[in-house]
Amino acid sequence: NFFLKLKLWARVLVTGASTGIGEQMAYHYARFGAQIVITARREKVLEQVAEKCMSLGAQKALYISADMGTDSDPAKAVDFALEKLGGLDYLVLNHIGPSPFTMWKGDVEHVKWLMKVNFFSYVQMAWKAMDSLEQSKGSLVVVSSLLGKMTSPFVAPYTSTKFALNGFFGALYHELAMKKSNVSLSICTLGLIDTDSAMEKVRGVTDLPAYPATDAALKIIITGATRQQELFYPWFTQIANLIKDWFPFVTNYAIQNSYNTSRT
Ligand code: NDP
């Protein structure tokens, strides 16, 4: 069972673990007694999260500050984890750069930068960790969004990066299966989760229910540990995904009329 497996040997790298869902994943892995490396940009915050991980039962909790918008830091973070943990069983790619919740006003540079942080760094890190994951029969977990499967206003740069992730890692999933690779790949489709950054964006703009980050974090970990191809959390994200192709007019009407646009 996956709890036992996690407890005994899991060597884990979680990105974007200074706050939000990533931070909650670090705490869950810690409770399972895993050896964890966490990464994000803010070193001081990472230090505090790592300390809490140790108090919750992690065998090891190390951190490395890395800016995923640079060319070199994504690989540096993976190298650090491989060296300190002697390999990886789980690579959980979760970080995102900040992006405004607003109509797109032509900032092409922001789209390029966000692509680098939210997409290219995932590709780099996955590739860098692949040999080690192959050896350990490990798992690659990509945190995506319903906005990687259906479009919505006010998030054009963000939704682009999530569609890119679903495209790239969807292709990679087939290739790993065709090569009979030892590595499992899970793509997690999340709806609105109550992290500070998400709540700050949608406050006063939508009444959509937000689901707890700690629960989302646990579901992501279980999805990786049980080597499932996909997670839909909360459950209705799967229904929304099905409906959008069969009844686009219903979906479009609902999307375009579910926002209070005075703040955007
Ligand atoms: P948060 O905004 O709470 O956390 C983002 C994390 O990424 C932080 O740890 C931040 O730390 C780090 N980060 C930001 N910029 C960089 C950078 N340039 N380089 C390295 N790290 C960076 O995100 P959430 O917890 O809300 O989201 C986590 C995942 O879940 C994301 O993939 C998101 O797309 C997905 N998701 C979330 C939803 C939600 O409603 N919350 C809905 C659907 C999907 P620091 O600032 O220290 O670098």
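**Entry 1: the shell around the ligand.** I began by asking which element gives the largest share of the shell around the ligand, and it is β5, with three residues. A reminder to myself: this is a predicted model. β5 spans 139-145, and at least two shell residues each also come from α2 (20-31), α5 (108-136), α6 (156-178) and α7 (196-202). In total I find 31 residues surrounding the ligand, and the closest are S18, R42, Y158, T195 and S197. By type, the shell splits into 15 nonpolar, 12 polar and four charged residues.

**Entry 2: polar atoms at the ligand.** Next I looked up individual distances. S18 places a polar side-chain atom 2.7 Å from a ligand oxygen. D67 has a polar side-chain atom 3.0 Å from a ligand nitrogen. How much of the ligand does the protein bury? The answer is 93% of the 900 Å² that the ligand exposes when taken alone.

**Entry 3: the sheet.** Then I traced the strands. Seven of them make an open sheet with parallel pairing, and I wrote the order down as β3-β2-β1-β4-β5-β6-β7. Ignoring direction, neighbouring strands are turned by 15° against each other on average.

I also checked one pair up close. β4 (residues 90-93) runs parallel to β5, and four bridges link them. In this pairing V92 sits opposite V141 of β5.

**Entry 4: helices on the sheet.** Helix α3 (residues 43-56) lies across β2 (35-40) and β3, at about 170° to β3. Helix α8 (residues 213-225) also packs on the sheet, where it touches β4, β5, β6 (184-190) and β7. The direction of α8 makes about 165° with that of β7.

Entry 5: Most residues other than glycine have a negative phi, and most peptide bonds are trans. I noted two exceptions. The peptide bond between Y233 and P234 is cis, with omega about -10°, and P234 belongs to the loop between β7 and α9 (236-246). K137 has a positive phi, near 55°, although K137 is not a glycine. I found K137 in the loop that links α5 and β5.

Technical notes. Residues numbered from 1 in each chain as written. Predicted model: local features only at pLDDT ≥ 70, side-chain atom pairs only at ≥ 80, totals over all residues. Heavy atoms only, no water. Near = heavy atom within 4 Å. Polar contact = N/O pair within 3.5 Å; in protein donor to acceptor, adjacent residues only side chain to side chain. Areas by Shrake-Rupley, 256 points an atom, 1.4 Å probe, with all protein chains shown as cover. Nonpolar A, V, L, I, M, F, W, Y, C, P; charged D, E, K, R; others polar. Pairing = 2+ DSSP bridges. Axes fitted to C-alpha atoms, helices over the stretch in contact; angles between N-to-C directions. Contact = heavy atoms within 4.5 Å.
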